[in-house]
Amino acid sequence: MKLTFEVKRFKELSALELYKILRLRAEVFIIEQNCIYQDIDDKDQKALHVIGYKNEEIVAYTRLFDAGQYFENPSIGRVVVSQEERKYGYGHDLIKASIHAIDTHYKDHKIKISAQKYLKKFYQSHGFEQVGEEYLEDGIPHIGMIRI
């Protein structure tokens, strides 16, 4: 089954959508990855939110920033697919939808991400290349990556 995607600004999110997005992020980034960090960081209000639905449930999500809002270039962050849905390859659909949303809304093709190091090949398959050295972010090895 294919996901359906919607792109929304923060003020367009319903309370229930926001709740489900934050729940999904907490399930993966805090509980599954056992990483204590401040997920609610006052940046969601500036972001575009790419939401992947399967049977009306939110199973995939990213947030996007225009150039200068987070990095020098537009960026994709909080990339998440629910654990039970990853086996279907929805991460690839999510990244494609996020790249398309940046092209559409920000009219820019150069995208910067801060990627968990173990996902380097995944992001390379979408045209991203590593820039700079590995670093720790919230105790997890990350690398900067750019897509031109």
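Begin by selecting Phe 65, which counts as buried at 2% relative accessibility (buried is under 20% relative accessible area, exposed over 50% and partly exposed in between, with a 1.4 Å probe and protein chains only). The model is a predicted one, in which local features need pLDDT of at least 70 and side-chain atom pairs count only at pLDDT 80 or more, while totals for chains, interfaces and linings use all residues. Residues are numbered from 1 along each chain as its sequence is written, and side-chain values use heavy atoms, with hydrogens and water left out.

Rings of Phe, Tyr and Trp (its six-membered ring) pair if their centres lie within 6.5 Å; planes under 30 degrees apart count as stacked, over 60 as edge-to-face and the rest as tilted. The structure holds 5 aromatic pairs. In one of them, the rings of Phe 65 and Tyr 70 are stacked, because their centres are 5.2 Å apart and their planes lie at 15°. The rings of Tyr 70 and Phe 71 have centres 4.9 Å apart and planes at 85°, so this pair is edge-to-face. Tyr 70 is partly exposed at 36% relative accessibility, and Phe 71 is partly exposed at 23%.

Next, select Lys 112. Its charged end sits over the ring of Phe 71, 4.6 Å from the ring centre (the criterion is NZ of Lys or CZ of Arg within 6 Å of the ring centre and within 35 degrees of the ring normal).

**His 49**

Move to His 49 in strand S2, residues 48-54 (strands are DSSP runs of E, at least two residues, and helices are runs of H or I, at least four, numbered from the N terminus). His 49 is buried, with a relative accessible area of 1%. Show its side chain: it reaches the backbone oxygen of Asp 44 at 2.9 Å and makes a polar contact with the side chain of Tyr 61 at 2.6 Å. A polar contact is a pair of N or O atoms within 3.5 Å; within protein, one must be able to donate a hydrogen and the other to accept it, and residues adjacent in sequence count only if both atoms are side-chain atoms.

**The largest pocket**

Finally, select Phe 29, Arg 78, Val 79, Gln 116 and Tyr 123, which are the closest to the centre of the largest pocket among the 37 residues that line it. Strand S4 gives the most to this lining, with 7 residues.

Key
On a 1 Å grid over the protein atoms alone, a cavity is a set of points where a 1.4 Å probe fits but cannot get out, and a pocket is an open set with protein on both sides within 12 Å along at least five of seven lines; lining residues have an atom within 4 Å of a point.
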